[in-house]
Amino acid sequence: PEGRLYQGAATPAVYRAVEALPAAAVLAELPLGQPDYDLRAMFYSTQHWRRLVNGYSGYHPRDYMDTLARMLSFPDTASVGRLRAHDVRYIVVHRSYYDQDVYADLMIRFARHPEFKPWGAYRDLAGVADIFELLPGD
């Protein structure tokens, strides 16, 4: 479509799915905080224009650093609370950016938390990405 970056290049299916989310949606792409991944997330945000928790620049605001620290134990009460504080509603997990065992452990932890609703698995640049909705808290 007109106005897309790299016209003619296909937007990965995961970002077409993100584009279909509500316009006010806020998302986090995991893994969070690694420059290559955050830069990629920011680039593709120009395809879907949804707000991101991910960021990339030469400056790291204290709030972002606090978010990264809390996300080390994701998904636990503190990290989920942090995402909620930033109005995150959707989480994209890029499988190929994780070691297989780490990814499997993360999916087990997701399954233990009923506040995460799986939306599906979609092709991304390097493989498959899962989208989860973080349901509103009580």
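Q: Helices (H or I, at least four residues) and strands (E, at least two) are DSSP runs, numbered from the N terminus; where, in these terms, does D87 lie?
A: In this predicted model, D87 lies in the loop between helix 4 and strand 3.

Q: Why is D87 called exposed?
A: The cut-off for exposed is over 50% relative accessible area. D87 has 52%, so D87 is exposed.

Q: Which value makes W49 count as exposed?
A: W49 has 64% relative accessibility, which is set against a cut-off of over 50%, and therefore W49 counts as exposed. W49 sits in the loop between helix 2 and strand 2, and its phi, near 60°, is also positive in a residue other than glycine.

Q: Why are strand 1 and strand 2 said to pair?
A: Pairing calls for at least two bridges between two strands. Strand 1 (residues 26-30) and strand 2 share 2 bridges, so they pair, and the sense is parallel.

Q: How do the axes of helix 3 and helix 4 lie?
A: The axes of helix 3 (residues 62-71) and helix 4 (residues 77-85) come within 8 Å and cross at roughly 145°. The crossing is left-handed.

Q: Which residues of helix 3 and helix 4 meet?
A: D63, D66, T67, R70 and M71 in helix 3 meet A78, S79, R82 and L83 in helix 4. By class, this contact has 3 nonpolar, 2 polar and 4 charged residues.

Q: What lies in the loop between helix 3 and helix 4?
A: P75 lies there, and the peptide bond from F74 to P75 is cis, with omega near -5°.

Q: Where is P31, and what is the form of the bond from L30 to P31?
A: P31 is in the loop between strand 1 and helix 2 (35-48). The bond from L30 to P31 is cis, with omega near 5°. Most peptide bonds are trans.

Q: Which residues touch the most other members of the largest nonpolar core?
A: That core has 22 residues, and L30, F74, L83, I91, V93, F110 and F116 touch the most other members. Two or more residues come from each of strand 1, helix 3, helix 4, strand 3, helix 5 and strand 5. Helix 5 gives the largest share, 4 residues. Another core, of 12 residues, lies apart from it, and L21, A25, Y90 and I131 are among its members.

Q: What makes L30 a member of a nonpolar core?
A: Membership requires a buried residue, under 20% relative accessible area, joined to others through side-chain atoms within 4.5 Å. L30 is in the largest core, so L30 meets both conditions. Beyond its neighbours within four places in sequence, L30 is in contact with M71, F74, I91, V92, V93, H94 and Y98.

Technical notes. Residues are numbered from 1 along each chain as its sequence is written. This is a predicted model: local features need pLDDT of at least 70, side-chain atom pairs count only at pLDDT 80 or more; totals for chains, interfaces and linings use all residues. Side-chain values use heavy atoms; hydrogens and water are left out. Axes are lines fitted to C-alpha atoms, for helices over the stretch in contact, and angles run from 0 to 180 degrees between N-to-C directions. A crossing is left-handed if the near helix is turned anticlockwise from the far one by less than a right angle, and right-handed if clockwise. Contact means heavy atoms within 4.5 Å. Ala, Val, Leu, Ile, Met, Phe, Trp, Tyr, Cys and Pro count as nonpolar, Asp, Glu, Lys and Arg as charged, and the others, Gly among them, as polar. Buried means under 20% relative accessible area, exposed over 50%, partly exposed in between (1.4 Å probe, protein chains only).
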